[in-house]
Amino acid sequence: MDFVFKDCSSNEIQSDNISVIKSCLTKKIKETDYTLVIIGKEANKRHKDSAKIGYKNWINFEIAKSKENNNKLVGVKIDKQYESPEELLYSNAKWAHSFTQDAIINALNEG
């Protein structure tokens, strides 16, 4: 894709401690204006630590925190058959109807 974005995903969090992960993710989300949610096959699968996370999984946690931060949300499904994360539904998210640069840029511009 021919546009620049800052990946604020959690790859550099080297901890299994739920509180540490939540804190790091929340900090990253507060540094952003947009949240691009790439929806794969297991985007709404229940995480084994969902009770501690406070949401069904980390994706739903990140979407909820993004909403609290008033980030503009854009959802894009890798495959139309994949189930959307619960927190993304009824969130006023914009949708990229295909996983292409043009579709994503158009959705970001709608936000």
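Author: Before anything else, one term: a contact means heavy atoms within 4.5 Å. The structure above is a predicted model, in which local features need pLDDT of at least 70 and side-chain atom pairs count only at pLDDT 80 or more, while totals for chains, interfaces and linings use all residues. Residues are numbered from 1 along each chain as its sequence is written, and side-chain values use heavy atoms, with hydrogens and water left out.

Reader: How many helices and strands are there in the protein?

Author: Helices (H or I, at least four residues) and strands (E, at least two) are DSSP runs, numbered from the N terminus. By that rule the protein has 4 helices and 3 strands. Read from the N terminus, their order is α-β-α-α-β-β-α.

Reader: What percentage of the residues of the protein count as buried?

Author: A residue is buried under 20% relative accessible area, exposed over 50%, and partly exposed in between (1.4 Å probe, protein chains only). Of the 111 residues, 35% count as buried. As for contacts with a separation of 6 or more, 57% of them join residues 24 or more positions apart.

Reader: What span should helix H1 have, and how far apart are its end C-alpha atoms?

Author: The expected span of a helix is 1.5 Å times one less than its number of residues. Helix H1 covers residues 18-30, so its 13 residues should span 18 Å, and the end C-alpha atoms agree at 18 Å apart.

Reader: Which residues of H1 are buried?

Author: An α-helix has 3.6 residues a turn, so residues three or four places apart point the same way. In H1 the buried residues are Ile18, Ile21, Leu25, Thr26 and Ile29. Viewed down the axis of H1, these buried residues line one face, because they fall within an arc of 125 degrees; the arc is that of the directions from the helix axis to the C-beta atoms. Ser19, Lys27 and Lys30 are exposed on the other side of H1.

Reader: What do the buried residues of H1 pack against?

Author: They pack against helix H2 (50-53) and helix H3 (58-68).

Reader: Which side chain reaches a backbone nitrogen at the start of H1?

Author: A polar contact is a pair of N or O atoms within 3.5 Å; within protein, one must be able to donate a hydrogen and the other to accept it, and residues adjacent in sequence count only if both atoms are side-chain atoms. At the start of H1, a side-chain oxygen of Asn17 comes to within 2.9 Å of the backbone nitrogen of Ser19.

Reader: In what sense do strands E1 and E2 pair?

Author: Two strands pair if DSSP finds at least two bridges between them. E1 (residues 34-39) and E2 (residues 72-77) pair in the parallel sense over 6 bridges, and Leu36 has Val74 in E2 as its bridge partner. E2 also pairs in the parallel sense with E3 (residues 94-96), over 3 bridges. There, Trp95 in E3 is the bridge partner of Gly75.

Reader: How many aromatic pairs does a search of the whole structure find?

Author: Rings of Phe, Tyr and Trp (its six-membered ring) pair if their centres lie within 6.5 Å; planes under 30 degrees apart count as stacked, over 60 as edge-to-face and the rest as tilted. The search finds 2 pairs. The planes of Tyr55 and Phe61 stand at 70 degrees, with ring centres 6.0 Å apart, so this pair is edge-to-face. Trp58 and Phe61 form an edge-to-face pair as well, at 5.5 Å centre to centre and 85 degrees between the planes. Trp58 and Phe61 are 3 residues apart in helix H3, and therefore separated by about one helical turn.

Reader: Is Phe61 buried or exposed?

Author: Phe61 counts as buried because its relative accessibility is 2%. Trp58, at 15%, also counts as buried, whereas Tyr55, at 23%, counts as partly exposed.

Reader: Which residues of helix H4 are buried?

Author: In H4 (residues 101-110) they are Ala103, Ile104 and Ala107. Their arc down the axis of H4 is within 95 degrees, so they line one face of the helix. E1, E2 and E3 are among the elements that cover them. Asp102 and Asn109, on the other side of H4, are exposed.

Reader: Where is Ser84, in terms of E2 and E3?

Author: Ser84 lies in the loop between E2 and E3. Its relative accessible area is 9%, so Ser84 is buried. The side chain of Ser84 makes a polar contact with the side chain of Lys77 at 3.2 Å.
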